[in-house]
Amino acid sequence: MPSTQMNRDSPRVHPSLSQQASDVDLLTTNPRELETQKCRDNRKYREFGGAESQDLRSAGSGLAISALRRWSNLTLTFSLILGGCCANVFALEAIIKEQPSSGPLITLAQFLLTAIVTVPDFISPSAGFRSLYLRPRAIPLRSWVIYTAFFISVNLLNNWAFAYKISVPLHIILRSGGPVASMIIGYIFNAKRYTRGQMLSVLMLTLGVVAAALADARAKGQSVNVQGASTVSTMTGFTVLAVAMVLSAFQGIYADRLYEKYGRNHWKEALFYSHVLSLPLFLPTYPQVATQWRALLLSHTSNGPALSQDSTATKGHCGSPCIASIANKVIQLSVLKLDSDPSQLILAAIPTRLMYLVINALTQYFCIRGVHLLSAKTSSLTVTIVLNIRKLASLLLSIYIFGNSLAPGIIVGALLVFLGGALYGYEGARGRKSHLKKE
C-alpha cells in the first residue's frame, strides 16, 4: 500500500522526456563512448571540409591556368599580327619603290618560306608513300583546294596591283574597305545580321584608316595618286584591288564554314595546305619571276652594285652563276679587307633588295601565322577589323621610327579607329551576353 500510494502520488512524466532522460543517463554513464563519438564526428567534419576546400582550390587553379592560357594565346596572336605585319610593310615598300613589278616574286618567296617552315609538323613516315608521307588531315583535301584557290588569288592580286603604279599609301586606303566588303558579303551570302553599333564601328574604322593614310602620305610628301600611268592602267589597278577585296571576303566566309563544321583547332593545317598547294600555281609565272629575280640580284649593296652588268645574271636564267657571282664578290671584298669580320663581308656582298626580300618573307610568315590563329578563334569580320587596326599601327610605327611629324589627320584617324574598335568589341560582348541569356 505505501508503495502503491507513492506511485499514485508521484507526477507523471511524458514518454519522450523519459526516453531523453534515459539517453542522457546512458551517455553520462559511458563517457568513453561519448568521447569516441566526438572524435568520429570531428574526423568526418575535417575530412569533408578538407575535401571541399581541396576541390575549391583545384577549381580555382584550373580557372587561373585556363585564363592564363587564353591571355597568352591572345598576346601571341596580336604580337604576331602587329609585329610581323608591320615589319612586313616596311620591307615591302623598300622593294616596291625600286622594283614595282616584283609582286609575283615577293608572293612566291612568302609562300615558299612558309611552306618550308610548316612542313615538319605534317611529315609522318608511317603514313606511307600513298599519303605522300603526310599525317592524316582533319579537313578533306578538296576543302583545302577551294580555300587555297581563294587564298592564292587574293595574295597575287594584291601584289600585282603595284605593277599599275599604285603607291603604298593608296594601297592601304583601298584595302581598308575590307571590313565593309566582309560585312556586305556576309549579309548576302552567309545570312549574317549585324547591329547598328557594329555597322557604325566598321564605318568608323574604315574612315579612320583612310584619314590616317592620307595625312601620313601628305606629311611624307608622297602622292596618293597613280603617277605615270594612263586612265586605263589606273582603273585596272583599282579593279584588281576591288576583286581581291571581294575574294578575301568570300575566303573568310568559307573559312568560317570550315571551322564551324570541323572545329576551330585546325589553323595549322590551313596555314600549311594553303601555301603548299599554291606553289604549283606559280609555274605559269616562271618567266616573269625569273626576270624579277635577275633584276633583284642586280640591285646595289652597301658597297655598290652587287653584280656587274656583264655578269651571267644578265644572260639567260639566273641560277647558280648568280650565286657564284655573289660568292666571288665576298672573296674580292675579303682580299681588299683582310681584317674585316666575315659576317660583315657576306652582308656587304648580298644585294640590298635580296635582304629585303628575305625579311619580307620571314615577317610575312609571322603575320600570316597570327592571322590564321585569329581566324580559327573568331569570325572573318573580326579578323579584317584587327587587320585594319594593324594598318594604323604600321603608320604610327613608321612615324615613330622615321621621325615624321604627327599630322592632325593621323590623330583624327587614330581616334576613329580606336573608337570603332572599342565599339565593335562592346557590341560583340553584348551580343554574346544576350545569346547566353537566351540559352
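Helices here are DSSP runs of H or I, at least four residues long, numbered from the N terminus. With that settled, His 275 has its place in helix H10, residues 267-276. Keep in mind throughout that this is a predicted model.

Let's start with that histidine. His 275 has a relative accessibility of 2%, and the cut-off for buried is under 20%, so His 275 counts as buried. What does His 275 touch, once its neighbours within four places in sequence are left aside? The contacts are Gln 110, Phe 111, Thr 114, Ala 115, Phe 151 and Ile 368.

Several of those names take us over to helix H4, which covers residues 103-118. Gln 110, Phe 111, Thr 114 and Ala 115 are among the buried residues of H4, and each of these four is in contact with His 275. The buried set in H4 also includes Gly 103, Pro 104, Leu 105 and Ile 106, along with Thr 107, Ala 109 and Thr 118. As for geometry, H4 has 16 residues and spans 23 Å from its first C-alpha to its last, close to the 22 Å expected at 1.5 Å a residue.

How many disulfides does the structure hold? The count is 1, and the bond joins Cys 85 to Cys 367, with an S to S distance of 1.7 Å. This pair ties together distant parts of the chain: Cys 85 sits in helix H3 (residues 31-98) and Cys 367 in helix H14 (residues 352-375), 282 residues apart. Why is the disulfide called right-handed? The torsion about the S-S bond of Cys 85 and Cys 367 is about 75°, so the handedness follows from that angle. Buried or exposed, what are Cys 85 and Cys 367? Both are buried.

Now for Ala 393, which belongs to helix H15 (residues 380-402). Setting aside neighbours within four places in sequence, Ala 393 is in contact with Leu 82 and Cys 86. Ala 393 also lies 9.5 Å from Gly 83, C-alpha to C-alpha, although 310 residues separate them in sequence. With a relative accessibility of 25%, Ala 393 counts as partly exposed.

Val 180, Ile 184, Tyr 187, Ile 188 and Phe 189 make a nonpolar patch of about 480 Å². One of these, Phe 189, is in helix H7, residues 178-189. Phe 189 has a relative accessible area of 46%, which means that this residue is partly exposed.

Key
Residues numbered from 1 in each chain as written. Predicted model: local features only at pLDDT ≥ 70, side-chain atom pairs only at ≥ 80, totals over all residues. Heavy atoms only, no water. Disulfide = S-S within 2.5 Å. Helix = DSSP H or I, 4+ residues; strand = E, 2+ residues; numbered from the N terminus. Buried < 20%, exposed > 50% of the residue type's maximum accessible area, 1.4 Å probe, protein only. Patch = residues over 30% accessible without salt bridge, like charges linked within 9 Å, V, L, I, M, F, W, Y side chains within 5 Å. Areas by Shrake-Rupley, 256 points an atom, 1.4 Å probe, with all protein chains shown as cover. Salt bridge = Lys/Arg side-chain N within 4 Å of Asp/Glu carboxyl O. Contact = heavy atoms within 4.5 Å. Expected span 1.5 Å × (residues − 1).
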